[in-house]
Amino acid sequence: MIYHTLLFVLTAVFALWAVMARKLLTSAIMLALVSITVSLIFFDFGAPWAGVFELSVCAGLITVLFIGAVSLIRDHDEKRPENRSRFHALPLAAAIFAIAAWFYLPAFFEELAGWARVGNGGGTIGLALWEMRRPDLLGQVLMLAAGVFMIKSIFPRRTQK
Amino acid sequence: MNVFALDWYLIALIMFIGFYCMLASRSIVRQLVGLEIVSKAAMLALISAGALTNNLVYAQAILITMIVIEVVVVATGLALLVKNFRLHGAADIWNLDSLKG
């Protein structure tokens with residue numbers, strides 16, 4: 001339980017660091033660390049498939065995308081940095097939220113957990129993905145295609161007049 | 001305290017950090033960082049609920065869909081950032097209204 005809770009606390013700390021970081025590159029790297037701790041939590045819950053996807057896609061692909069975009073705008077961001085005063089208030093705001101929520105949320109969440117109806121486990125991930133959600137996979141492929149077409153429409157090929 | 005209640009309390013805190021980032025910043029990159037953090041909190045809530053109800057398989061199947069959606073949203077957001085930066089030389093989210101038709 002200590003390892004489990006420690007991972008959640010580490011995720012919160014890295015998330016705070018990602019938001020507070022002055023440099024966008026540090027922010028992107030901290031976001032990758034958030035993804036890594038989240039994937040460790042998935043492994044700890046006994047959800048290895050979700051953990052592997054999270055580790056490869058979110059900690060890998062999305063971080064590469066972020067670093068690519070940040071490297072493009074880094075010079076501009078260093079010359080004209082954003083006003084940081086609102087970010088300096090974040091630890092205080094998070095502490096106020098944490099203290100205020102401590103009196104209300106855990107009791108509410110305990111009641112919420114009491115409503116849970118225990119399922120039968122649902123078989124294997126292969127059954128859930130390839131048998132029960134077969135039409136849904138088509139939707140996922142179409143969604144990825146929609147993303148590709150969206151990027152293609154944002155960056156059209158320039159035609160020479 | 002129930003271990004799930006403690007987990008969800010920390011998830012609420014992570015979600016608050018993400019929402020604060022999205023509200024406080026005008027940079028498109030930081031908006032996307034905030035969105036990612038909120039999305040991670042939602043994923044943790046989903047998998048935690050799956051573990052509580054002994055439905056981890058379904059939770060994982062939904063989560064894989066969610067990761068696919070997340071990649072598409074982030075890629076599109078970063079593409080908008082690059083386009084906006086080429087047009088205006090800035091990564092300010094307020095400049096995005098110039099993209100309206």
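Q: In which hand does α5(A) pass α1(B), right-handed or left-handed?

A: This is a predicted model, to start with. In it, α5(A) makes a right-handed crossing with α1(B).

Q: What are the angle and the axis distance for helix α5 of chain A and α1(B)?

A: The angle is about 140 degrees and the axes are 8 Å apart, with α5 of chain A covering residues 90-114. Those are the two values to quote because packed helices are described by the angle between their axes and the distance between the axes.

Q: Which residues of α5(A) and α1(B) meet?

A: Contact needs C-beta atoms within 7 Å. From α5(A), the residues that meet α1(B) include L90(A), F97(A), L105(A) and F109(A). Among those they meet in α1(B) are F4(B), W8(B), F16(B) and Y20(B).

Q: What makes up the contact of α5(A) with α1(B), by class?

A: There are 20 nonpolar residues, no polar ones and one charged. Phe, Leu, Trp and Tyr count as nonpolar and Glu as charged, so F97(A) and W8(B) fall in the nonpolar class and E110(A) in the charged one.

Q: How many residues of chain B are in contact with chain A?

A: On chain B it's 63 residues, in contact with 71 of chain A. The elements of chain B giving two or more residues to that side are α1 (3-24), α2 (28-52) and α3 (56-88). α3(B) gives the most, with 25 residues. By class, that side of chain B has 46 nonpolar, eleven polar and six charged residues.

Technical notes:
Residues are numbered from 1 along each chain as its sequence is written. Chains are lettered from A and ligands numbered from 1 in the order in which they are written. This is a predicted model: local features need pLDDT of at least 70, side-chain atom pairs count only at pLDDT 80 or more; totals for chains, interfaces and linings use all residues. Two residues are in contact if their C-beta atoms, placed from the backbone, lie within 7 Å. Helices (H or I, at least four residues) and strands (E, at least two) are DSSP runs, numbered from the N terminus. Axes are lines fitted to C-alpha atoms, for helices over the stretch in contact, and angles run from 0 to 180 degrees between N-to-C directions. A crossing is left-handed if the near helix is turned anticlockwise from the far one by less than a right angle, and right-handed if clockwise.
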